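Biologist: I would like to go through this structure with you. Can we start with one of its pockets?

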Amino acid sequence: MLNKESKRRFAPKRMLAAALLAVTILGGAGLSSAAVAQEKVVIAVSPLGADSNLYWTTTGAFILPSMQTLVGNDPATGKYDNSQLAESWEHNEDFTSWTFKLHPNAVFNGDWGPVTAADVVHSFEIHTGDDAKLSGISKFKEMTITALDDHTVRFDMPSPDPDFLFANAGRGSLVVYSKAQFDAEGIEGYETGPAGSGPFQYEGREVGQSITFSTIKDHWTGVTAEFDEIEFRWVSEPSTRFAMLSAGEAHAVTLPRDLRDDASEAGQTVLSSSAGAMQTTMLFTGQFMRPDAEETRDARTYAWADQRVREAANRALDREAILEVLYGEGVGALPVYTMDPRFPGYSEDVAARFDEAYGYDPEKAMALLAEAGYPDAFDNAEIPLVVTSLAGNPEFAQMAELVQAYFDAVGIQTQMREQDWATGNTAIRGFTADFITPMRNAPVRPSALGVQIFFTKHASPHLDIGDPEVNDLGGQLTAETDPAKRDEILNKMFTRIFDTYAHLPMATVPASVVVNSELVEGWAFPGATSSGLSHYHLIDLK
């Protein structure tokens with residue numbers, strides 16, 4: 001709680017600084033709080049890694065509001081819906097073929113004609129070219145695509161993919177561009193003004209500064225924003241974004257947690273996504289549950305190879321207090337990393353047992369350690385905690401410090417190990433890691449993919465926990481295509497991970513945005529994109 005009180009103690013200074021900065025900005029520009037007309041919405045965010053209209057040349061952090069994917073996400077639940085270009089879809093029995101039927105009335109902006117299967121095929125081809133940088137595009141390169149008719153397209157893949165909708169939704173790897181525009185203007189047409197099919201029309205960008213869109217009235221989807229324009233401004237300094245919000249120069253801004261608290265105390269409104277946007281946890285490294293661990297690196301010598309120590313580590317943590325310091329209000333308990341109620345495998349039983357099995361109980365933790373003979377029974381009793389920093393993840397270092405304090409309180413020996421993310425990844429991939437690492441990733445990633453990556457040998461062997469049962473279930477999951485059976489297998493995997501205390505789960509965290517309370521009434525978005533923000537047409541102005 002000292003950290004939290006400290007933040008509050010210095011909050012007025014930050015607020016004063018932001019206010020002074022606002023005066024400077026507005027004084028220099030001749031602006032006032034009335035300067036932002038309600039006809040135009042301004043959103044200030046951190047600069048993008050790639051400032052480009054060619055989506056496939058970026059890492060996929062920002063889909064232009066004028067562009068559309070095949071599959072949408074419901075704003076209230078985050079589940080897949082047909083609010084984008086695909087009216088419906090189906091798959092064959094073994095999930096090696098997916099067919100999408102396009103909305104028959106879908107059209108491109110700027111008089112570029114209807115959206116057809118030829119546009120999807122064309123977009124597929126440019127997204128799988130040599131200059132593609134999207135992280136999820138590799139699987140598309142293994143597929144073939146066929147236009148069955150003007151409004152039907154089929155993807156055929158070499159192996160089953162039950163989660164193919166994920167690659168076509170909010171965090172998608174495929175955005176649909178107009179073939180007609182490409183035929184008439186070439187790639188230059190996309191660079192200067194891509195014709196999308198979304199409810200906003202691209203107007204232009206100032207590289208490194210901003211990008212602007214106008215609202216399309218009577219859009220083919222039936223949705224129309226209540227404002228005329230939306231402008232995204234790339235602003236590096238969080239304090240500057242805060243000043244813009246306070247001065248009424250921006251309707252909405254993204255802010256780090258401490259400034260979100262200040263903004264809230266100043267009367268602004270923090271809005272959270274309707275569903276979780278990311279999950280946070282701490283992971284034990286090394287194949288610590290492997291019974292035949294290699295003699296040269298016997299993972300069983302680590303203290304956490306003993307389940308009693310792992311349970312003690314979990315029971316030592318007052319998660320409610322930790323998460324309040326790290327994230328504030330709005331976070332939810334996370335029973336198992338990568339398990340999410342929007343995807344198959346979610347276990348209501350596991351979620352219901354979380355407090356009983358993982359609840360804060362330092363006395364129980366100390367009893368378990370004593371039963372395990374800790375620390376004398378272990379060659380490697382000291383548990384290294386990685387202190388690292390990663391862009392967009394400012395909580396990592398503080399998380400490690402808080403966990404260390406709770407571990408120390410019950411007698412778990414720790415070592416704080418400062419290392420950059422690349423060094424840690426190199427150790428993990430080289431099978432030389434012997435530490436606990438913080439990890440976050442969006443829960444909109446299908447659970448079947450996440451659990452294979454972080455707990456089994458089937459997707460990322462270097463993250464394998466070495467549990468024969470989990471690996472056996474993972475092998476079954478790889479071969480199984482029946483949805484009901486996949487759900488059952490996933491449920492068993494999550495239950496096994498939970499019951500063996502195979503990690504230190506923390507929280508499901510929503511995406512957040514701070515809005516000017518005098519300008520914005522509300523905004524529903526599910527946190528289903530890489531940036532967390534979407535559904536801009538649902539911004540409700542006062």
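Biologist: By class, which residues line the second largest pocket?

Modeller: This is a predicted model. The second largest pocket has 37 lining residues, and those nearest its centre are Met67, Gln84, Ser534, His535 and His537. Sorted by class, the lining holds 18 nonpolar, 18 polar and one charged residues.

Biologist: How much space lies in the second largest pocket?

Modeller: Rolling a probe the size of a water molecule over the atoms shows where empty space is left. For the second largest pocket, the space comes to about 590 Å³.

Biologist: Why is the protein described as being as compact as a globular protein of that length?

Modeller: The protein has 15 helices and 19 strands. For 542 residues the globule rule gives 24 Å, and the radius of gyration is close to that, so the protein is as compact as a globular protein of that length; its radius is 25 Å.

Biologist: What share of the residues in the protein is buried?

Modeller: A residue counts as buried when its relative accessible area is under 20%. Of the 542 residues in the protein, the buried share is 55%.

Biologist: Is helix α2 mostly covered or mostly uncovered, and what does it pack against?

Modeller: Helix α2 spans residues 117-127 and is mostly covered, with nine of its 11 residues buried. Among the buried ones are Val120, Val121, Phe124 and Ile126. The buried residues of α2 pack against β5 (97-102), β6 (144-149), β7 (152-156) and α3 (179-192).

Key. Residues numbered from 1 in each chain as written. Predicted model: local features only at pLDDT ≥ 70, side-chain atom pairs only at ≥ 80, totals over all residues. Heavy atoms only, no water. 1 Å grid on protein atoms, 1.4 Å probe; cavity = no way out; pocket = protein on both sides within 12 Å on 5 of 7 lines; lining within 4 Å. Points joined across faces, edges and corners; volume = space filled by probe spheres on them. Nonpolar A, V, L, I, M, F, W, Y, C, P; charged D, E, K, R; others polar. Buried < 20%, exposed > 50% of the residue type's maximum accessible area, 1.4 Å probe, protein only. Helix = DSSP H or I, 4+ residues; strand = E, 2+ residues; numbered from the N terminus. Contact = heavy atoms within 4.5 Å. Rg over C-alpha atoms; globule rule 2.2 N^0.38 Å.
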